[in-house]
Amino acid sequence: MSQAVTNGSDLINAIKQAQIDKKNALEKECWFCKQEIPAEKSKWAGVKLTKPAPSSSHRVQRTYETYVNIPRCEKCHSIHQRKTIINTVSMILIFTPLVLAMFGIAYISPIITSIGFAVLVAGSVVYHATFPEHTQKEGYKNKYPTVLELKSQGYRKGWVTEIFRGSGIKLK
């Protein structure tokens, strides 16, 4: 009987070690370009996944949350940040004049909104034209093996992808 337990625990330990080895192998290179070593963990991409928890009450819906850190090098981080900056500036230029116009504050709203759309289009064109061929876009993080494995277990991407650093600590 003790032989079976020993073999069972050896099997469990072997499976755990294989999972650790697999994770370590994935973290040795940038997931997006597969050429560089990853930068510090604060530069890594992150995915927040949620899964409904079984509940005996129909009033309260509980969810499990997990965060997956995806290794990213300094170069890929800056490339992805460039797109974030373009989108942010464009949205500010597009929506601020619209809100001001609703309150009758700005009479030059159409001009500023048009500039916002121009920044969005021009910025996106430049971003895609200068995007390195060997680097994947940030959306590629959803194909990371750990993310795919969790999705197969019922986890889904949340409504909001939050930025977090290190080992699943969210920044606000």
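Colleague: Is Glu-74 buried, partly exposed or exposed?

Modeller: Bear in mind that this is a predicted model. Buried means under 20% relative accessible area and exposed means over 50%. Glu-74 comes out at 43% relative accessibility, so Glu-74 counts as partly exposed.

Colleague: Which side chain does Glu-74 meet in a salt bridge?

Modeller: A search of the whole structure turns up two salt bridges, and Glu-74 is in one with an N to O distance of 3.1 Å. Glu-74 lies in helix α2 and its partner in the loop between α1 and β1, so the pair ties together parts 31 residues apart in sequence. The partner is Lys-43.

Colleague: And which residue does Lys-48 meet in a salt bridge?

Modeller: Here the N to O distance is 3.3 Å. This pair links distant parts of the chain, with Lys-48 in strand β1 and the other residue in strand β2, 17 residues apart.

Colleague: Which residue in β2 is the bridge partner of Val-47?

Modeller: We want a position in β2, which pairs with β1 in the antiparallel sense. The bridge partner of Val-47 there is Val-68.

Colleague: Which element gives the largest share of the largest nonpolar core?

Modeller: That core has 16 residues, and among those touching the most other members are Phe-32, Leu-49, Val-68 and Tyr-144. The elements giving two or more residues to the core are β1 (45-52), β2 (63-70) and α4 (145-152). The largest share is three residues, and it comes from β1.

Colleague: Back to α2. How far apart are its end C-alpha atoms?

Modeller: α2 covers residues 74-102. At 1.5 Å a residue, its 29 residues should span 42 Å. The end C-alpha atoms agree with that, at 42 Å.

Colleague: Is Ser-90 in that helix buried or exposed?

Modeller: The buried residues of α2 include Ile-86, Ser-90 and Ile-94. Leaving aside neighbours within four places in sequence, Ser-90 is in contact with Gly-116, Val-119 and Leu-120. Its relative accessibility is 0%, so Ser-90 counts as buried.

Colleague: One for the backbone: which residue has a positive phi of about 60° although it is not a glycine?

Modeller: Most residues other than glycine have a negative phi. Just after α2 there is a positive phi of about 70°, but that belongs to Gly-104. The residue you want is in the loop between α1 (2-26) and β1, and at 37% relative accessibility it counts as partly exposed. It's Lys-34.

Definitions and conventions:
Residues are numbered from 1 along each chain as its sequence is written. This is a predicted model: local features need pLDDT of at least 70, side-chain atom pairs count only at pLDDT 80 or more; totals for chains, interfaces and linings use all residues. Side-chain values use heavy atoms; hydrogens and water are left out. A nonpolar core is a set of buried Ala, Val, Leu, Ile, Met, Phe, Trp, Tyr and Cys residues joined through side-chain atoms within 4.5 Å. Buried means under 20% relative accessible area, exposed over 50%, partly exposed in between (1.4 Å probe, protein chains only). Helices (H or I, at least four residues) and strands (E, at least two) are DSSP runs, numbered from the N terminus. Two strands pair if DSSP finds at least two bridges between them. Contact means heavy atoms within 4.5 Å. A salt bridge is a side-chain nitrogen of Lys or Arg within 4 Å of a carboxyl oxygen of Asp or Glu. The expected span of a helix is 1.5 Å times one less than its number of residues.
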